[in-house]
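Open the model in your viewer and keep the selection tool at hand.

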Amino acid sequence: MIPRPLPVLALAALAAASAPAQGGRLTEPVASYTIAASFDPGTHTIHGHELVTWRNRSLAPVRELRLHLYLNAFRDSQSTFMRETEGNAETLAGTGGWGSIEVGSIRIADGGPDLRPGMRFIQPDDGNLDDATLAAVALPAPLPAGGTIRFEVEFTARLPRAVKRTGYWKDFHFAGQWFPKVGVLEPAGERGRVAATWSARQYHGQTEFYADHGDYDVTLTVPADLVVGATGRRVEQRPLGDGRVAHRFIQEDVHDFAWAADPRLEENDRVFEAKREVSAEELRQVADLLGRSPQSLQLSDVRVRLLTRPELRHHQERIFRAAFLALESYGLWYGAYPYEQLTIVVPPRGARNAVGGMEHPTLVTIEENPWNPADSGDPEMLTVHEIGHQWWYGLVANDEVTEPWLDEGLATYTTTRILDRVYGPSSGYDWTWGIPLPAPRYALRLGPPIVELLPLLGSVVGGRYESPRTQLASAWRSYAAAPRVDPVRTGSWRYRNRSSYFVSNYWKPTLVFHLLEREVGDAAVLRGLRTFQERHRFGHPTGDDILLALEEAAGRELRSLLDPLLLRTDTLDHAIADVRTERSGAGSFTSRVEVRRLGGVAAPTTVEAMFADGTAQSRPWDGSAPWAFVEFSSTAPLERARVDPQGAFVLDVAPSNNVRVASPRRAPAVAGGSDYLGWFQSLLLLIGGVI
Amino acid sequence: MVPEPPASDRRRDLSLLVPSVLVAGLRLAARHWTLVLAAYVASLVGAFVPAAAAVRALLASTANGFTPAAGPRGLEGALAQGLIGDLHFEQWIGLVTFAVLWIGTTGGALAHLARDGRRPASLGSLACDGARLLPPLLVMSALTVAAAVALGLAHASMEGRLATRLELWEGERAAAVARAGLGVAFLGAVAVASTVMRYARVDYLAGPDPGIVRGIAAGLRILRRHPASVLGLQAASWACGLLLIAAFSWLPPRVPVEAGLGRAMVVLAVGQAAAFLHAGLRIAVVAAELTLWRRLGAATVPA
């Protein structure tokens with residue numbers, strides 16, 4: 001039986017019954033949705049009606065709307081998403097799991113004409129005429145500046161086999177970007193616009209999302225055996241008597257609505273009690289850091305709802321702990337989480353990579369493997385990161401399509417702060433045949449892995465395992481492996497590849513914020529980010545806005561340092577090229593240190609010289625010239641020189657050349673080489689047992 | 001036709017045959033220290049090129065105050081790994097060099113032990129035997145490697161198909177166990193192929209009528225008749241090797257010697273002692289295989 005959608009009148013009644021958020025509205029809504037949807041898990045199909053209330057924020061009349069129809073990215077192999085990714089079309093073709101969204105009608109509320117015939121697909125990004133993820137809908141009459149329009153859309157959505165951010169795997173369904181959704185009309189003056197302009201994009205291989213805040217009132221009718229988790233708070237769960245249940249969720253002041261349904265999900269609720277979780281001492285410390293009163297930083301209680309399969313029951317404690325930690329840290333630093341509930345969904349293994357690790361308003365998904373070792377840092381890292389997006393993407397709704405570095409960079413930066421502060425370094429693992437093996441310090445990589453036997457031996461032999469690594473060190477390592485591919489401030493579909501997308505949006509911005517901490521102090525950075533958050537909550541800022549807030553907090557100009565790092569692929573690499581020390585008289589020595597700037601980023605720093613008698617001297621170097629000689633006078637010969645002695649330049653792509661010693665000691669190299677020799681011999685002799 | 005072994009021989013598979021031949025092998029290895037020395041030198045020469053490249057990279061960085069324990073600014077050794085983590089070409093050279101030396105050395109050792117297990121081998125005669133026997137032994141080892149590669153490809157293909165099949169499985173644990181089980185089965189298959197070829201080598205060098213095909217047939221025969229013994233010895237060989245490696249990996253970080261030349265010497269000494277003992281174990285296993293082959297009566301010429 002195909003479920004029937006609720007009639008429009010009932011839908012309107014639901015809209016009228018919408019209750020305001022606890023404590024009232026936080027922002028004036030721009031795009032609000034009242035949706036009634038019936039879901040048939042057998043066909044993965046959603047029949048829905050939505051009543052959209054959209055406000056023209058601009059000072060110009062609007063003649064047409066833009067609608068995102070992102071499920072059409074999974075319609076066939078010719079969509080822009082499929083062309084930009086590898087293997088997804090084959091997966092969907094092989095499983096018959098294509099997805100789509102069809103718009104049946106678009107009517108102005110209260111009896112207007114059907115606008116569906118005038119709807120046309122547009123492709124402003126790449127001109128791919130086969131892409132149907134973005135539509136333009138002509139209005140019968142211009143909507144005046146500041147005016148509001150209410151229109152109803154009838155649609156049928158079919159979820160794809162989960163390959164990216166939405167879809168199903170067996171009985172598990174995750175619905176993201178599942179309803180027709182209005183794009184963002186940016187008025188003149190916002191994000192550098194000189195005139196009101198639609199910022200609505202096609203669905204790309206790497207892009208995430210961008211939308212206006214509003215109120216959501218969604219009633220999902222699903223079979224009674226399904227456990228449902230969704231954006232917002234559930235205000236009603238009503239059996240319909242035909243084996244189906246209507247779940248009604250309401251949430252104000254968010255910009256999207258996602259939900260998960262699965263008969264095997266287990267539900268576990270806990271309350272983040274702010275008074276119990278945040279000590280007075282912590283409150284005072286952060287208040288001091290931010291220069292505010294502790295009272296102004298008070299957090300609210302939040303109900304955290306965790307939905308997992310039974311296989312992951314043993315990891316629930318870890319997930320809850322990380323979630324509470326995130327609510328506390330982000331809340332204290334950037335402002336309290338303003339919603340009553342947070343839902344965490346852990347998809348089962350077949351959907352883990354596709355929909356796990358994703359942010360949605362008041363709902364996040366994480367990836368978790370039941371075999372993850374306790375010291376692996378998972379699922380803590382993803383839990384903290386995705387919850388961080390509630391602030392960076394959720395509350396401050398930057399355009400994730402054109403400036404993904406803002407939310408990904410800030411969420412990752414804060415995650416590194418939290419995890420390194422609370423959990424310390426985590427261990428790396430190589431997964432072989434689904435088994436987590438401790439990552440070895442030395443890798444045996446002989447080209448394309450014909451068989452996994454040799455990497456396996458490489459992991460087993462010697463037990464000389466890689467030492468635990470901090471999140472910051474992991475970020476540096478990922479960045480330093482490919483630092484010059486794309487500038488950070490690049491549209492998310494323009495990166496060379498997925499790896500470059502991650503380096504530019506996650507790792508490099510994270511290092512940039514850590515660099516700023518060392519340049520201007522962590523208090524100034526946190527104050528700047530807090531200001532940025534408060535200034536642009538429920539808004540759409542740009543990278544320039546964050547730089548402005550940081551400069552204000554630091555009380556100095558930062559662009560000359562940050563622009564090369566964000567707008568170009570310039571690297572930061574200071575080096576000591578040479579050290580010389582000579583006796584200049586009785587009991588006095590003159591030392592000359594040659595310091596070089598090998599990267600494109602010129603940053604002032606310090607050159608430190610350490611002498612044989614244990615004394616040290618420092619000299620400033622502005623870092624502008626490609627090279628410079630720095631001289632020191634001392635009573636003992638120079639032992640070593642170091643540029644950037646405080647390690648402020650966390651983006652330095654080659655920190656090994658920051659130090660130069662006058663008389664190199666061979667012993668460490670011999671020890672390192674001996675270790676490697678022993679490891680390789682062990683490996684060879686083990687292979688000798690086979691051939 | 002090969003006569004079936006008497007029932008008492010089959011029962012011996014369940015006895016202490018494996019430990020006893022391993023002990024016998026260890027005794028032989030202890031008596032023939034030149035063979036152990038040669039095996040150790042083979043590992044040293046094999047590891048020379050990649051290790052030299054690693055030392056060169058590390059020495060070049062000593063001017064930058066390199067210490068292997070931690071990179072600058074506490075980047076947890078990431079620097080150290082970066083310095084010597086990209087020696088793919090050198091690793092290939094080391095592996096091929098070692099394979100050739102090792103095959104000649106162990107073949108020569110086996111030939112000597114088969115000829116006269118009491119008289120110590122001279123390095124000269126070992127070298128002559130190794131060089132003389134190298135071509136057929138290389139062929140046999142190449143067959144082992146080819147079998148391992150074929151099994152690897154089969155494993156990769158089966159893993160792909162299993163992944164498709166696993167799409168229908170709900171259970172996390174069941175899926176993980178299935179995948180790991182397939183990997184273990186792959187390891188087992190490699191061990192079986194390796195065992196057959198190792199006894200083919202024994203038959204080739206110690207049997208009355210050398211021939212590669214005949215040797216492989218003999219290897220298959222001994223595996224079919226005495227699977228527990230021959231695979232048990234193989235498993236014991238791997239287990240002892242891994243145990244040895246684990247023990248010697250555990251040791252260096254716990255040696256109470258400060259950084260500097262002293263520590264470098266300790267690391268070198270411990271690593272080389274481990275390699276020497278491991279080489280001894282490998283020679284002992286070769287001797288044990290010969291002993292087992294003889295005890296099981298596999299040397300009997302088929303009618």
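A cavity here is a set of points, on a 1 Å grid over the protein atoms alone, where a 1.4 Å probe fits but cannot get out; lining residues have an atom within 4 Å of a point. Grid points are joined across faces, edges and corners, and a volume is the space filled by probe spheres set on the points. This is a predicted model: local features need pLDDT of at least 70, side-chain atom pairs count only at pLDDT 80 or more, and totals for chains, interfaces and linings use all residues. Residues are numbered from 1 along each chain as its sequence is written, chains are lettered from A and ligands numbered from 1 in the order in which they are written, and side-chain values use heavy atoms, with hydrogens and water left out.

**Stop 1: the interface**

Select chain B and show its contacts with chain A (contact means heavy atoms within 4.5 Å). On the chain B side 84 residues take part, facing 79 residues of chain A. The buried area is about 7,200 Å², with 64% from carbon and sulfur atoms. Buried area is the accessible area (1.4 Å probe) that two parts lose on being put together, summed over both.

How many salt bridges does the rule find across the interface of chain B and chain A? It finds 0. A salt bridge is a side-chain nitrogen of Lys or Arg within 4 Å of a carboxyl oxygen of Asp or Glu. The rule does find 9 residue pairs in polar contact across this interface, both residues at pLDDT 80 or more. H7(B) gives the largest share of the chain B side, 14 residues. By class, that side has 49 nonpolar, 24 polar and 11 charged residues.

A polar contact is a pair of N or O atoms within 3.5 Å; within protein, one must be able to donate a hydrogen and the other to accept it, and residues adjacent in sequence count only if both atoms are side-chain atoms. Helices (H or I, at least four residues) and strands (E, at least two) are DSSP runs, numbered from the N terminus. Ala, Val, Leu, Ile, Met, Phe, Trp, Tyr, Cys and Pro count as nonpolar, Asp, Glu, Lys and Arg as charged, and the others, Gly among them, as polar.

**Stop 2: the cavities**

The structure holds 7 cavities of 30 Å³ or more. Select A:His68, A:Tyr70, A:Phe209, A:Tyr210 and A:Ala211, the closest to its centre of 13 lining residues.

Next comes the second largest cavity, with about 60 Å³ of space. Select its lining: A:Val690, A:Ile691, B:Leu137, B:Met140, B:Ser141, B:Thr144, B:Met197, B:Arg198 and B:Arg201. H6(B) gives the most, with 4 residues.

**Stop 3: single residues**

Over all chains the count comes to 46 salt bridges. Zoom to one of them, A:Asp269 with A:Arg303 (3.7 Å, N to O). A:Asp269 sits in strand E18 and A:Arg303 in strand E19 of chain A, 34 residues apart.

Move to A:Asp378 and A:Pro379, joined by a cis peptide bond with omega about 5°. A:Pro379 lies in the loop between strand E22 and helix H8 of chain A.

End at A:Arg165, where phi is near 70°, a positive value in a residue other than glycine. A:Arg165 is in the loop between strand E7 and strand E8 of chain A.

Notes:
On a 1 Å grid over the protein atoms alone, a cavity is a set of points where a 1.4 Å probe fits but cannot get out, and a pocket is an open set with protein on both sides within 12 Å along at least five of seven lines; lining residues have an atom within 4 Å of a point.
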